[in-house]
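Hello,

Here is the structure I promised to pass on. Have a look at it first, and my notes follow below.

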Amino acid sequence: MPLDRFGRNINYLRISLIDHCNLRCVYCMPLDTTAYAPSSELLTAGEIERVARAAADVGFQKIRLTGGEPMLRSDLVDIVKRISRTDGIREVAMTTNGVLLAPKADELAAAGLGRVNLHIDSLDPERFARLMRFGTLRQAWAGLEAAERAGLSPIKINSVVTRGYNEEDVIELARLTLRNSWHVRFIELMPLGEGGCAKVARDNFVSSAETMRRIEDELGSLSSVQNTHPSDESVNFRLKGAKGIVGFISPVSDPYCGTCNRMRLNANGRFHLCLLSDDELDVRAALRNGSGDDAIRDILLQAVLAKPTGHRLSEGISTSNRSMFQIGG
Ligand code: SAM
Ligand code: SF4
């Protein structure tokens, strides 16, 4: 069981497969981004499999694939297959904007993908386009329907609440849980990265408390639901008679660092120690210089031990120059 210096059991690895994206959400990715890792720097499917095996060997049980947009990896099905057949890995999940998911959902489920988190900020096609800038709500929705048909459940929808863009849309998103056993989770904006996106995130912040009030004013009270997993970052509720869950992820107003169980692997093969820190530990060099699996395990355990206690966003302090598309959320 990999314990860090603060006694946290770190058993959940988030692997960013690529730092490109087919969308450009206003708070995540500038329109003119060119600073992508060249494909020679991205970990290959075989290298990712080796890291997954090392992770399972030291006690990691859950792996999430993310990005950028993970669906842009042409070898995604192969990656899922390799990870899901790794002894000790109990769950393989993916976070995606869903725009490219529909034609691939069955194949991914057959390869061993267990479930998906879909990023949908608005159910209004125009406001979706204003926030996410490329792709369409219709495509993302087709991805959601295909995921449900393929049994990738429970479906979780992530929505980043951004003042002036979608803060009123939380009502219709929450309403989805009345008839569907989905989890709709509202995320507070984090001021990550540099330039325009960090500014949007700082200037357009909406607290979870405000979002919750808005939902309750319109749809009635939300009753607290016990989290099934103690390190679930979402604080969960249910509307009266609803099939699904309304969740709030509040990294700024209510940080969950104390129960953090995550390690992150960037697309270019560096363990990223905390979302809000730029400290990283390179594993790609070891993967490419003939080092054995024991060396990969050692680097991962060093990364676990080097994890910081937490971030200080609630004090307005961000210590990261990386954007979310570079880390994977
Ligand atoms: N492209 C995929 C997607 O959008 O789901 C996966 C990568 S994306 C970086 C992962 C998550 O990060 C998304 O759910 C997105 O909403 C969230 N995200 C991006 N920028 C954010 C920010 N500044 N603050 C909070 N969440 C953010
Ligand atoms: Fe792309 Fe996801 Fe970032 Fe939006 S949040 S730009 S979909 S990586």
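**What I found**

The protein has eleven helices and twelve strands (DSSP runs numbered from the N terminus, H or I over at least four residues for helices, E over at least two for strands). This is a predicted model, in which local features need pLDDT of at least 70 and side-chain atom pairs count only at pLDDT 80 or more, while totals for chains, interfaces and linings use all residues. Residues are numbered from 1 along each chain as its sequence is written, chains are lettered from A and ligands numbered from 1 in the order in which they are written, and side-chain values use heavy atoms, leaving out hydrogens and water.

Of the 329 residues, 56% count as buried, meaning under 20% relative accessible area with a 1.4 Å probe, protein chains only.

Now please find helix 4, residues 125-132. Its Phe128, Leu131 and Met132 are buried. They lie on the same side of helix 4 because they cover an arc of only 80 degrees around the axis (using directions from the helix axis to the C-beta atoms). Their cover includes strand 4 (115-119) and helix 5 (137-149).

At the start of helix 4, a side-chain oxygen of Asp124 comes within 3.0 Å of the backbone nitrogen of Glu126. After the helix comes Arg133, with a positive phi near 70 degrees.

Best wishes

Conventions
Buried means under 20% relative accessible area, exposed over 50%, partly exposed in between (1.4 Å probe, protein chains only). Contact means heavy atoms within 4.5 Å. A polar contact is a pair of N or O atoms within 3.5 Å; within protein, one must be able to donate a hydrogen and the other to accept it, and residues adjacent in sequence count only if both atoms are side-chain atoms.
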